[in-house]
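Hello,

Here is the structure I promised to pass on to you. Please have a look, and my notes follow below.

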Amino acid sequence: MSTLTPPAALPAPTDTTDSVLEVENLHVAYGSTQVVRDVSFRVRRAEKVGIVGESGSGKSTLALAIVGLLASNGSVSSGAVRVLGRDTVGLSDREFDRIRGRDLSLVFQDPLTSLDPVKTIGHQIAEVLKEHTPKISRARIRERSIELLNSVGVSDPASRLNQYPHEYSGGMRQRVLIAIAIANDPAVLIADEPTTALDVTTQAQVLEVLDSLVDRLGISVVLITHDLGVVSEFCDRVLVMYAGRVVESSPAASLFAHASHPYSLALLDSLPLPGRSRSEPLAWIPGAPPAMTDLPTGCSFSPRCTWAVDACSVVAPPKIMVGAADDHWSECHRAEEVAAAAPVAEAASAAPPESPAPAGDPAPPATPTDDRTPDASH
Amino acid sequence: MPPTDTLTAPLLRVSGLSKSYNRGRGGYAVLDDISFDLFPGETLGVVGESGCGKSTLARAIMRIGDIDRGSITLDGTDVSKVRGKALRELRKTFQMVFQDPFGSLDPRMTVAQLVEQPMAVHGISDAAGRRSLARSILSSLGLEERFLERTPGSLSGGQRQRVAIARALAPSPQLVVLDEPISALDVSVQAQVLNLLADEQRRLGLTYLFIVHDLAAAEYFCDRILVLYLGRIVESGTSEELFRNPQHPYTVSLFSAAPDPRRGDRKRIVLRGEPQSKRPATGCPFASRCPVGFDREICHTSTPPLAPTAGDGHVAACHFAGELKDTR
């Protein structure tokens with residue numbers, strides 16, 4: 001509803017042929033309050049992109065805007081979201097229904113409220129299959145349902161189909177939601193905190209399932225999470241959000257050692273990582289995130305930033321490329337200096353790991369997902 | 001700090017504790033024969049996943065409901081036997097911070113009232129004194145003056161949990177049971193709350209029982225750690241020793257599954273099958289999911305006792321302790 005001057009364009013992506021999802025200069029508002037500000041990124045086939053941020057950073061609103069499920073008072077005020085090349089901004093609910101589930105699918109945090117408690121799992125998978133293939137036969141539904149449950153690691157799927165959600169464990173319910181989400185072979189899966197409600201060993205199972213979908217089916221995953229550990233381990237690339245903006249975009253593997261935005265660095269420094277001594281208090285970020293109705297001038301993080309100089313509260317920082325490759329940028333006037341400052345516990349991580357596993361270790365291999373598809377690495 | 005002087009009496013001694021829900025028909029002990037000591041000024045972490053009994057343990061110690069067997073001795077008094085007025089009196093000495101910051105605060109009370117209430121219940125100071133104490137503890141938790149007259153409904157989850165912590169610390173307890181106190185908080189706020197809890201511990205000589213599923217927080221914050229699996233202690237030791245050299249395959253798998261932002265390339269150990277809700281009738285409770293014991297007969301037929309292993313005071317309940325290594 002509010003009209004904005006279009007912000008300075010990003011360095012235009014040179015090659016978009018491989019993109020399954022492109023978000024371009026996206027602004028989302030609830031009423032007149034901008035909560036997502038000028039977000040741009042693209043996701044390639046079989047790529048895993050993490051969006052990390054704290055409560056109120058706008059990450060969930062961004063996810064909802066991408067899947068076309070903003071609350072009635074929310075709207076995209078400018079920008080584009082292209083799914084397989086087609087701009088979805090402004091589509092009617094009916095038009096979006098045809099894209100959602102087929103080209104683009106989503107998994108939410110809470111598997112218990114996302115599943116209908118009075119319908120069997122088989123029934124709920126069937127509903128989704130019929131939604132996009134109305135004439136599908138009962139035999140085909142059963143066959144496909146078993147195949148889907150198998151693909152998410154639910155054992156004995158044939159008998160499991162007749163069970164109700166309460167008969168499933170939390171981790172299994174989340175995997176069923178993933179099965180439902182991929183039922184119609186979407187190109188992109190948007191997963192909003194899919195493992196947050198789960199135990200770590202169960203989380204490991206769910207991440208393993210997502211990994212295998214990427215590897216076997218070439219699905220792309222956008223993982224929205226508050227967990228820096230999960231993004232670093234699971235994702236190829238990570239976007240860090242603060243006050244509605246992406247403030248840093250980095251290859252996931254190098255975020256820890258080369259965080260280039262003071263906010264990312266502060267988040268990493270605040271983690272109680274092994275090797276950090278309790279005699280020294282953890283770093284934490286003073287103050288609170290700004291109200292989106294009352295953003296500071298210049299850089300939104302500047303009032304809380306230990307790196308801030310005078311210019312920071314005056315001039316909004318541009319995207320500054322960091323490092324030699326062209327895959328890492330930070331919206332910080334001092335990005336390069338920040339990049340040179342490693343998080344405090346980095347030295348500890350350089351310690352050699354435990355001695356290798358002894359011969360005859362009977363631990364079975366986890367799941368065969370060692371090899372990444374070549375196009376997932378870049 | 002860990003107890004160096006073995007003559008120090010434990011503040012809390014839990015001995016042979018068993019607890020079941022639905023006693024009688026189909027009764028199942030959610031906690032089975034749990035024993036440990038907690039020394040003054042110490043922080044003991046209890047880690048484990050859903051269904052391991054860690055919250056039941058917290059509630060048993062807080063004397064919420066009765067236990068089946070065993071004893072819970074706090075500063076010489078068996079808490080499990082105390083009732084009525086004596087229990088009310090005793091409650092001042094042990095306080096709890098619950099996991100759920102939404103359900104544990106009365107939505108109609110203001111922040112100031114919420115923190116003053118436990119002090120009033122225990123007859124601490126006068127109204128003005130309580131207000132000033134509430135103000136100072138809330139401000140050390142990062143909740144300034146402007147929050148005092150607000151109600152929980154207008155607070156974020158993190159702010160609510162800080163109110164809950166202020167409420168627990170208000171009556172100056174000896175023992176504080178922290179049941180997942182940081183799970184609902186943002187990362188940067190978690191650090192702030194851990195720092196505050198550590199400050200208050202040093203200042204007031206508090207003893208903490210810290211129920212936690214976040215292993216990194218457990219390692220950072222705790223002196224010693226108990227690992228629970230399906231109602232039993234499967235391993236315990238000092239935080240340092242346990243994390244450096246875990247012996248039980250469940251502990252190793254748990255540590256391996258915890259994501260670490262510094263190690264994007266490492267391989268997590270993925271357990272077999274689905275989480276169980278009950279211990280099997282015989283054998284090790286972890287046997288069916290265990291990378292080491294799933295196909296070994298002894299693991300399914302004989303229950304391994306907690307036995308000394310690697311380091312000082314480090315115990316594990318496994319027939320093949322130390323066999324599985326975390327290869328990260």
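A residue is called buried here if 20 or more other C-beta atoms lie within 10 Å of its own. Please keep in mind that this is a predicted model. By that cut-off, buried residues make up 47% of the 378 residues in chain A.

Let me start with chain A as a whole. The chain holds 13 helices and twelve strands. If you take the contacts in chain A between residues at least 6 apart in sequence, 66% of them join residues at least 24 apart.

Next, the interface. On the chain A side 51 residues are in contact with 43 residues of chain B. The elements of chain A that give two or more residues to this side are helix H7 (170-181), helix H8 (200-217), helix H9 (228-234), helix H10 (252-258) and helix H11 (262-269). The largest share, seven residues, comes from H8(A). Sorted by class, the side of chain A that touches chain B has 28 nonpolar, 15 polar and eight charged residues.

Of its 18 residues, 13 are buried, so H8(A) is mostly covered. Its length also works out: at 1.5 Å a residue, the 18 residues of H8(A) should span 26 Å, and the end C-alpha atoms are 25 Å apart, which agrees.

Most residues other than glycine have a negative phi.

Glu180(B) is a residue other than glycine with a positive phi, near 55 degrees. You will find Glu180(B) in the loop between strand S7 (175-179) and helix H6 (187-204) of chain B. Is Glu180(B) buried or exposed? With 20 other C-beta atoms within 10 Å, Glu180(B) is buried, because the cut-off asks for 20 or more.

Best wishes

Conventions:
Residues are numbered from 1 along each chain as its sequence is written. Chains are lettered from A and ligands numbered from 1 in the order in which they are written. This is a predicted model: local features need pLDDT of at least 70, side-chain atom pairs count only at pLDDT 80 or more; totals for chains, interfaces and linings use all residues. Two residues are in contact if their C-beta atoms, placed from the backbone, lie within 7 Å. Helices (H or I, at least four residues) and strands (E, at least two) are DSSP runs, numbered from the N terminus. Ala, Val, Leu, Ile, Met, Phe, Trp, Tyr, Cys and Pro count as nonpolar, Asp, Glu, Lys and Arg as charged, and the others, Gly among them, as polar. A residue is buried if 20 or more other C-beta atoms lie within 10 Å of its own, exposed if 12 or fewer, and partly exposed in between; C-beta atoms are placed from the backbone. The expected span of a helix is 1.5 Å times one less than its number of residues.
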